[in-house]
Amino acid sequence: MRHHYRRYLRPLTRSPRGPIIHLSPPEILLGGFLGLSLLGACLLKLPGMHHEGLSWLSALFTATSAVTVTGLSVTPLSEFTVYGQAVVMVLIQLGGLGFMTLAALSLIMLGQRLPMHQTSLVREALNRSSSREIGRLLKMITVFALTLELVGALLLAIDWVPRHGWYQGLWLSLFHSISSFNNAGFTLWPDSLIRDAANPLVTGVISVLFMTGGIGFAVIGELRERRREYGWRVLLQPSRFSVQTRLILEATVILNLLSLVVILALEWRNPGTLGGMATQGERILAAAFTAVTPRTAGFSVIDTSAMTHASTLWTMALMFIGGGSGSTASGIKLTTFVVLLLTTRSFLRREASPSLHGRRIGDETIFKAISVALAALLLIFTMLFALTITDPDHDFLTLAFEIVSAFGTVGLSRGLTPELSAPGQLIIIITMLLGRTGPLALGYLLATRKHHGINYARTELSIG
């Protein structure tokens with residue numbers, strides 16, 4: 001009898017075929033993005049993808065930038081064939097929605113239950129607290145994303161089909177709609193959207209697309225549910241929304257308005273940017289677009305390299321903050337930034353704990369926000385330090401701008417990307433991958449496994 005049950009008492013960490021490898025959600029996400037990047041590079045190296053041929057490093061850079069929805073490119077997409085551009089577009093879609101999101105949705109559509117490790121992974125990717133919400137949320141994400149991308153493409157086609165013809169106009173509209181919603185920042189022109197800086201239809205549609213994708217799927221889902229329950233009047237009743245949704249919406253409006261004022265004040269008379277435009281209306285339109293694109297998308301309607309140093313630093317700050325949690329944007333996320341501000345305010349006021357809208361923010365959330373911000377700063381400093389070694393001939397501010405843009409997966413550049421050395425391109429590739437999976441995931445990968453140790457006595461240290 002004892003021998004009969006002995007096989008059930010064997011350690012669960014081993015099997016007859018060898019040890020079982022347990023990977024955390026951040027590790028699987030990072031591995032998935034890396035795998036898609038390598039696959040995309042192989043596809044882009046195939047004949048007929050590029051007019052003049054593409055090196056392996058350039059193919060890997062382009063594929064990684066597409067999968068991480070960054071938008072930086074050492075080779076303009078105008079030099080790719082339609083097939084190569086289509087590969088980039090598919091990589092953008094997969095990277096924006098998340099490869100595990102699509103995999104989990106496929107299982108749900110087939111009527112299968114998600115395994116526990118995949119459920120945990122999707123929760124990590126979408127920042128959801130309840131596993132029961134995942135199936136419904138994933139269906140809503142896919143339907144909403146595809147519908148909005150289709151509507152955006154049709155609206156852009158109103159302007160681009162008459163100008164470029166049916167075939168070219170529809171292709172431009174579809175590509176830029178997908179790139180916009182997924183916050184990729186890729187365009188099929190080498191000068192981004194500068195040629196349409198004074199076009200309110202194009203800039204308006206693209207702005208709505210990338211701002212919607214940048215506020216987060218959780219916010220989109222809650223807005224949809226509340227509208228069904230209370231109608232459109234719920235928009236005037238913020239108390240009916242969760243604290244996180246209110247935080248993201250309010251902070252987004254405040255930060256965008258503040259950014260608009262800053263850009264107008266700093267660039268109004270700059271002849272290289274707003275000052276060189278014909279009318280005041282064009283200046284205001286371009287300033288409004290420039291104010292909202294750094295946190296999420298990476299499209300540009302002005303020459304980024306001609307911006308003043310003050311505007312460049314402000315743009316870097318916006319890229320560092322990023323978009324909403326669970327969105328197609330990256331950065332430390334808007335929620336993290338606000339929690340840090342509230343924690344600082346609470347400390348200066350000698351309050352017991354930070355609060356928001358009558359709710360106390362938990363210690364775990366505070367520690368998570370601090371860890372995310374610190375990991376992000378360490379990543380940026382490390383990669384910038386390495387880039388100053390590999391590419392010392394370039395201006396320091398330009399190097400810093402490139403690193404922050406890669407970390408935030410924004411895609412704005414001061415013209416440095418095509419001039420990077422091979423080691424510099426590899427540094428940007430690593431930064432994009434780590435920035436996409438999140439600073440907290442980076443800290444999770446580098447940290448040792450949790451273990452039970454001694455509970456030491458408390459001590460106080462001098463800070464500041």
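Me: What span should helix α8 have, and how far apart are its end C-alpha atoms?

Reply: In this predicted model, helix α8 covers residues 166–181. At 1.5 Å a residue, its 16 residues should span 22 Å, and the end C-alpha atoms are 22 Å apart, which agrees.

Me: Which residues of α8 are buried?

Reply: An α-helix has 3.6 residues a turn, so residues three or four places apart point the same way. In α8 the buried residues include Trp171, Leu172, Phe175, Ile178 and Phe181. Just after α8, Asn183 takes a positive phi of about 60°.

Me: Which members of the largest nonpolar core touch the most other members?

Reply: That core has 107 residues, and Leu44, Ile92, Phe175, Ile206, Ile403 and Ile428 touch the most other members. Helix α15 (residues 363–390) gives the most to this core, with nine residues. Beyond four places in sequence, Ile206 is in contact with Leu156, Ser180, Leu193, Phe289 and Phe299.

Me: Why is Ser37 classed as buried?

Reply: Ser37 has a relative accessible area of 1%, and it counts as buried because the cut-off is under 20%. Ser37 lies in helix α2 (residues 25–44). Apart from neighbours within four places in sequence, Ser37 is in contact with Leu60, Ala63, Thr64, Val67 and Leu433.

Me: How much space lies in the second largest pocket, and which residues are closest to its centre?

Reply: Rolling a probe the size of a water molecule over the atoms shows where empty space is left. About 560 Å³ lies in the second largest pocket. Of its 28 lining residues, Pro190, Asp191, Ser192, Gly411 and Ser413 are the closest to the centre. The lining divides into eleven nonpolar, 14 polar and three charged residues.

How values were computed
Residues are numbered from 1 along each chain as its sequence is written. This is a predicted model: local features need pLDDT of at least 70, side-chain atom pairs count only at pLDDT 80 or more; totals for chains, interfaces and linings use all residues. Side-chain values use heavy atoms; hydrogens and water are left out. A nonpolar core is a set of buried Ala, Val, Leu, Ile, Met, Phe, Trp, Tyr and Cys residues joined through side-chain atoms within 4.5 Å. Buried means under 20% relative accessible area, exposed over 50%, partly exposed in between (1.4 Å probe, protein chains only). Helices (H or I, at least four residues) and strands (E, at least two) are DSSP runs, numbered from the N terminus. Contact means heavy atoms within 4.5 Å. The expected span of a helix is 1.5 Å times one less than its number of residues. On a 1 Å grid over the protein atoms alone, a cavity is a set of points where a 1.4 Å probe fits but cannot get out, and a pocket is an open set with protein on both sides within 12 Å along at least five of seven lines; lining residues have an atom within 4 Å of a point. Grid points are joined across faces, edges and corners, and a volume is the space filled by probe spheres set on the points. Ala, Val, Leu, Ile, Met, Phe, Trp, Tyr, Cys and Pro count as nonpolar, Asp, Glu, Lys and Arg as charged, and the others, Gly among them, as polar.
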